[in-house]
Amino acid sequence: MAKAIQALFVFFFLAAANACNSDPVEDQVLLPSNLNVAVEILENGMVRVNFSADRANFFRIGFGAGNQEPELATGSSASFRYTVPGTYTITVQAHATEADFIKREEAVTITEQLLGIGLPTTGFESPMSYDGYSLVWNDEFNSSTLSSDWVFDLGDGCPNLCGWGNNELQFYRRENTQLKDGYLIITARRENFGGKNFTSSRLKTQATRNFQFGRMDIRAAMPRGQGIWPAIWMLGESITEVSWPACGEIDIMEMIGGNATGRDDTVHGTLHWDNNGSYAYRGGKKTLAGGAKLADNFHVYSVIWDESKITWLLDDVVYHEQDISPASMDEFRAPFFFILNVAVGGNWPGNPDSTTIFPQQMAVDYVRVFQKE
């Protein structure tokens with residue numbers, strides 16, 4: 001009996017010793033699985049990424065811009081705005097722990113058009129002739145140098161008209177205008193010059209080409225973005241004698257940039273004048289259908305102007321008419337000159353914000369003036 005008890009004691013002692021000497025079994029981490037990633041390319045360089053995975057405790061995401069490392073994501077989606085064209089690798093990591101994860105990579109190509117800084121290749125074109133009219137002047141911008149018909153307004157309007165009368169933020173320079181591929185291109189940039197944070201250009205035919213009545217066709221592609229304010233317009237040549245608004249103003253095309261309805265998608269046509277000593281204006285507008293933007297294609301902006309009325313057209317479709325027959329509107333029965341410009345900021349559009357991508361360009365394909373035979 002004593003030997004049996006002794007043997008049993010030895011057995012349990014050895015078993016306990018073996019248990020103490022054996023290595024512990026580490027817990028195995030189950031990695032996430034079924035990682036799904038969907039990339040949406042939105043407007044103005046914005047990309048949204050939606051993701052999901054089984055057994056994921058958290059996600060990290062990197063958008064491949066610069067030296068950015070994947071960062072902790074909140075929820076199941078993340079967004080990022082690209083500002084430079086290129087191809088980027090988006091990396092999504094589904095984590096069980098910080099060290100245990102699976103990942104998926106998706107390539108995304110951001111073009112100038114997606115950023116809103118490239119020129120479209122399609123759009124409406126108007127004819128070179130109309131029944132009952134003759135082409136009396138045109139500039140197709142096919143030369144390597146700008147015609148002497150165009151002169152520049154320079155600076156910020158100071159001291160006489162600081163902010164050009166609208167609290168605009170740009171400094172106008174010649175260097176922001178170029179002729180390229182048959183287009184006159186005005187570029188608005190975010191840069192410090194002349195005490196301003198933005199630069200652009202403003203051209204006119206004052207004292208070189210003035211017109212009284214006719215059909216004016218201007219084919220152009222618009223910029224876009226909050227605080228961007230392109231305009232194709234005319235002023236009465238009498239402005240040096242009678243000032244504004246007594247000289248009269250014909251806005252063939254204005255657009256105030258921004259993502260809200262009625263901004264990047266809407267053209268405005270307006271008259272400004274002196275109504276027997278009081279400032280007056282009248283106008284109309286046209287908004288594109290289906291969420292299209294004026295920057296997406298070239299459009300032709302036109303007015304048909306005679307002694308009694310002015311008619312505004314977008315791509316040869318009338319969207320507004322204004323009677324100018326009253327004697328109080330005599331300024332519209334006198335010669336006017338053209339102005340092309342892209343303003344930045346101002347009373348009407350408001351200032352650029354974090355969504356505004358620079359540079360922005362207005363490209364003019366041609367300016368044509370037809371008058372009745």
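Start by selecting L179 and L184: L179 stands opposite L184, which belongs to strand β12. Keep in mind as you look around that this is a predicted model.

Now widen the selection to residues 177-180 and 183-193. These are strands β11 and β12, which run antiparallel and are joined by four bridges. Two residues lie between the strands of this hairpin, and D181 takes a positive phi near 55°.

Stay on β12 and follow it to the other end of the hairpin story. For a landmark, pick R189, whose bridge partner in β13 is T199. β12 and β13 also form a hairpin with two residues between them, and here G194 in the turn has a positive phi of about 60°.

Which strand pairs with β12 over five bridges? Select residues 360-372: this is β25, and its pairing with β12 is antiparallel. Show I185 together with A363, its bridge partner in β25.

The structure holds one cavity of 30 Å³ or more, and about 60 Å³ of space lies in the largest cavity. To see its lining, select G116, I117, G118, L119, P120, A221, M222, P223, A295, Q360 and Q361.

How values were computed: Residues are numbered from 1 along each chain as its sequence is written. This is a predicted model: local features need pLDDT of at least 70, side-chain atom pairs count only at pLDDT 80 or more; totals for chains, interfaces and linings use all residues. Side-chain values use heavy atoms; hydrogens and water are left out. Two strands pair if DSSP finds at least two bridges between them. On a 1 Å grid over the protein atoms alone, a cavity is a set of points where a 1.4 Å probe fits but cannot get out, and a pocket is an open set with protein on both sides within 12 Å along at least five of seven lines; lining residues have an atom within 4 Å of a point. Grid points are joined across faces, edges and corners, and a volume is the space filled by probe spheres set on the points.
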